[in-house]
Amino acid sequence: MIDRRMFLQGASAAAALSGEALGAMTGLGSGVAPAADEAEAAAAKQIAMSRQSTPVRLGIIGPGSRGKELVRNFLRVPGVKIVAAADVYKPRFAELNQVCGYGVDAVADYRALCDRKDLDAIVVATPLGLHAEHVLAALRSGHNVYGEKTMAYTVKDAEEIVRVAEDGKRIFQVGHQYRYSPWIRAALARVKAGEIGTVTHVEAYWHRNNDWRRPVQDASLERLINWRLYHEWSLGLIAELGSHHMDLANWVFGARPVSALASGSICRYHDGRETDDNVQVVLGYPEGRRFTFSSVTDNAKAGDQLWLYGEKGSLNLTLQDATFFYEPHRMVRVKAGVQKGVTTSASYNPAGEMPYRGPGKPVEISTGEDPTTAATRAFIYCVRNEVRPISDVHVGLGSASAVVNANKARYEKKEIEIAAPAGM
Amino acid sequence: MKLLLVVGLATMMSAVGGAQTTPTGGAQSSAVGGAQTSTASGSQTSSTAPVADPAADLAKAQGQIQRMKSQLADWPNLHRYRDEDAALAPPAPGEKRVVFMGDSLTDGWGRGNNGSVFFPGKPYVNRGISGQTTPQMVLRFQQDVVALHPAAVVLLAGTNDVAGNTGPMTPAMIEDNIKSMAELAQANGIKMILCSELPALMYPWSPAMKPAPILLELSAWEKEYAAAHGLAYVDYYSALVGPDGAFKPGLSKEGVHPTAAGYAVMGPVVEKVIDQVLGTGTDGGTAPHDMHVPALPGTPRTSVEAPGLGRFHRTHTAMGTEFAVDLYASDAATADRLMELAFDEVDRVDDLLSNYKATSELSRINREARTGAVTTDPETFRFLERAAYWSERSGGAFDMSVGPLLRTWGFFFHGGRVPSDAELSGLRTTVGWGGVRLDAPTRSVSFAGGRAMELDPGSIGKGFAVDSVARLLREQGVRAGFISAGGSTLYAIGTPPGETGWRVDVPDPARRGAVASRVMLKDSSLSTGACTEKFFIKDGHVYCHIFDPRTMRPVEGVLQSTVIDPSATDSDALSTVVFVLGAKASESLMKSVPEAEAVVFRKAEAGPVCLAMNWRDDVCAVGRGRSGGEAIRD
């Protein structure tokens, strides 16, 4: 399906964007390499508004709440039709039809969906523990796949997805939609150009104030509906909330974590859940750089945000905007010459060690749209034009490795070294 | 196949009516019974049936042909009840008539020779016809149900569809017909009581068929559909079924049709639900409009006044206002989860429609529609279609494209300035709903001539969000709830336990503290438009935030408009429409929307001080010294 020329073009773009080439982003390079420019242009092409409307037929495995949201977004792309859905929970089918405004073929077994020959791609939005099974079946049946994050429950499964997607030359996009957010891309391009110096710390928060439960009308459905709360299919807050931030850290640092340290507990919701209601993660990156993540579920003051710290300034990223802050000026070398003299005054700096509470400098962009709208449109672009997605298997593997190892550290209660995953 | 179906129908009819015995003789019945195959040596006409005289055979054949002919001529069999329907007097005041719609399972209730009795002394009407399938019932639903003005209809249907009586049917086809009947009932203010299927392991007239799993699946769908749409559901199946999946011993004649004992079991089951729906029970205390949604799967509770039900309240800031939800739930954790879902839904709709957020879908459309068609999702498109509908219906008094106008007047982000005439006439190209092109087949929006238009969700977006939340809470089983979008758009789900509605006081804007009308709101919405919250004062003049897009100036002289309508989206839009339109134009529009009520208060110099349109009580009498009325809206 993908001819050699197209595939190579896509591959070079992906290499620059998602993997090793991101070393430049740490501020080491003062100028932006032409290759990176090209890659950014290729990425912009994927994300750009498009009126291409050739028919694209999608199937979805798991049209739950996230699945339906993806469908809503896919339906904003001209020419897209949802033709088939698989789910073990029957009420989802009627809900999906409601979202689509037409009837979607419903099957209980995802294998029947993968067997279909009339689909251009399959969307997988099932619980994490089932991602690999469903994604691999979809890829092996020759389909392109949009798979929700986190890519897989184990690193081994994630590596297998990389292998099968690459061998079969299928298009795989993982649901790290922040990579498609215009303000994040614009802000990170400036970070890459050195605006805040070399970033050594990424601090991330996702704080909420609710018990993370969905109402369950029938007790027998508890583990099916509230799967996030049980180990069988979930890696808890680290995966469901933290994977986006870890993906951004991978992107910013242009590397994958080399160590993980994590803790967590149940401090508020003693309701039979197995996964933590608060977690703290520290990931180590090459050259001593650090990423920290905190998630709590009984206070929402901090919300969902990231801070990037460099010696020249800071960048704050949220779901809707990006804002720069700058460090006080440092010593600079000046030309020695004829003295001009100074005028004395009574001023002094009262700030001391107090945190800065003034406004920052927002990143102005003209096309701030929902990242999921952009990501789904980009995926359809990739399917139509046989291009490798920005958020490809390697991006998926990188954050999956971070999530899985952080979770491992949490349960082993010690800092662990992370081996480079295969398939990098 | 056709042959088999015809016989199936005949069998179902005869089995109930008792007028005919099991068909004997003739190619049709033996083909069904399977006896034909065992007599391979015989000719087609000689079967295992006793050889009758040719005259009798001929008469039988003629009878069958006659039946087929009459079915062709009157497929839904409107003839059967036409005269009885016409003769039935309208329900007496206070009489809560209930029509039982269905097939032989209904037709046989209190009829034929099975000894059953059909609710003596109750105003219940039997409109079952043996052998009928749901498509036939859809066609006679107007004549045999709607025209009889019942308070409720009990629908027991589907088993003949499964049997294929009128041709092969898929579950989706059956479900579509049931939906159609539910919607017909709802559109006519008739409460739909949907029944499960009855057990059946096999149909005697079609022994090869194994209907049990299909009937179970259909029943599960009926239960789900009822719960999702606020209909009552009657579970006959559980009451009748034995451990082997067939009727309990003695409750059925031949495994399909109930005996008198079977009907005696079914009677109280359905009666209990009818009483809950219509408040006609003898166990007292139930408010007449209480409880019309049955318990959800796995929920032991069957009525909102069950002990331990508490009322919960929570607010949430969104869409530039404060949303509030009140609801009754069994415990705080359940209520909290429901609130969380409700406010997530508000935020989701806000993310769709906000013109303050660059990330919203509406903002994307505003950016891109000037350069060509923008495809959007079905939900957003539905919203735009409704906004376009009211723009057109009101002749532009409501206009979905007032964005640039609001900006020019400085109302965006709470400000205010008086633009020059030149500025306003410059807006003629960018304001005007006629320039918004909607294309349904591609769900796309474009702005004619590449104009830099800007759609504005005001005056309809909050209503749309409120409707979405109401739908979601209903789906979650909430039977008593109240949603407020900043007090200007309200929606009532059911009623508080033991009450007739959620009380809403419509203030009289001319007299501080006075109530013009007290509305008991139930399964309906109420929206109010007024200048009291958003306005600015310049040179001593009050400029209202509600604009007349036709003059591009704020509306003058109108104090307040209030509209009641089953849809919050519509009441929100209509409250602006009647605020902006003059008295005459409003009256003429409101005549064409009889389901909506409206009242508009004006300053004396601007028209009638109080204008009520379709309003159910004498709201405008208050100013003349009478107290406001109190009517229940549902």
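Guide: Start with a definition: two strands pair if DSSP finds at least two bridges between them. The model is predicted. In it, Ala85(A) stands opposite Ala106(A) in strand 3 of chain A.

Visitor: What makes strand 2 and strand 3 of chain A a pair?
Guide: Three bridges join strand 2 of chain A to strand 3 (residues 105-107) of chain A, in the parallel sense. Pairing needs at least two bridges, so the label holds.

Visitor: How do you know that strand 1 of chain A also pairs with strand 2 of chain A?
Guide: Strand 1 (residues 56-61) of chain A and strand 2 of chain A share six bridges and run parallel. At least two are required, so these strands pair. Ile60(A) stands opposite Ala85(A) there.

Visitor: Why is strand 2 of chain A called largely enclosed?
Guide: A residue is buried if 20 or more other C-beta atoms lie within 10 Å of its own. Five of the seven residues of strand 2 (residues 80-86) of chain A are buried, so the rest of the structure largely encloses this strand.

Visitor: Which elements make right-handed β-α-β units with strand 2 of chain A?
Guide: One unit consists of strand 1, helix 3 (residues 65-74) and strand 2 of chain A. Another consists of strand 2, helix 4 (residues 91-100) and strand 3 of chain A. Right-handed means that, with the strands pointing away from the viewer, the path over the helix runs clockwise.

Visitor: Why is Lys68(A) called partly exposed?
Guide: Lys68(A) lies in helix 3 of chain A. Lys68(A) has 19 other C-beta atoms within 10 Å.

Visitor: Which residues does Lys68(A) contact, leaving aside its neighbours within four places in sequence?
Guide: Pro63(A), Glu95(A), Leu96(A) and Val99(A). Lys68(A) and Val99(A) are 31 residues apart in sequence, yet 7.1 Å apart C-alpha to C-alpha.

Visitor: What is the strand order in the open sheet of nine strands?
Guide: The order is 14-13-12-11-7-10-9-8-15 in chain A, with mixed pairing. Strand 14 (361-362) and strand 15 (416-417) of chain A are the edge strands, as each pairs on one side only.

Visitor: What makes strand 7 and strand 10 of chain A a pair?
Guide: Seven bridges link strand 7 (residues 199-207) and strand 10 (residues 290-296) of chain A in the parallel sense. With at least two needed, they therefore pair. His201(A) has Arg290(A) in strand 10 of chain A as its bridge partner.

Visitor: Which helix lies across strand 8, strand 9 and strand 15 of chain A?
Guide: Helix 13 (residues 393-412) of chain A, at about 60° to strand 8 of chain A.

Visitor: How many residues does each chain bring to the contact?
Guide: Chain A brings 23 and chain B 27. On the chain A side, helix 4 of chain A gives the largest share, three residues. That side divides into nine nonpolar, seven polar and seven charged residues.

Visitor: How do you know that the length of helix 17 of chain B agrees with its residue count?
Guide: At 1.5 Å a residue, the 15 residues of helix 17 (residues 461-475) of chain B should span 21 Å. The end C-alpha atoms are 21 Å apart, so the values agree.

Visitor: Why is helix 17 of chain B called largely enclosed?
Guide: Eleven of its 15 residues are buried, so the rest of the structure largely encloses helix 17 of chain B. Phe464(B) and Leu473(B) are among them.

Technical notes: Residues numbered from 1 in each chain as written. Chains lettered and ligands numbered in written order. Predicted model: local features only at pLDDT ≥ 70, side-chain atom pairs only at ≥ 80, totals over all residues. Buried ≥ 20, exposed ≤ 12 C-beta atoms within 10 Å, placed from the backbone. Helix = DSSP H or I, 4+ residues; strand = E, 2+ residues; numbered from the N terminus. Contact = placed C-beta atoms within 7 Å. Axes fitted to C-alpha atoms, helices over the stretch in contact; angles between N-to-C directions. Nonpolar A, V, L, I, M, F, W, Y, C, P; charged D, E, K, R; others polar. Expected span 1.5 Å × (residues − 1).
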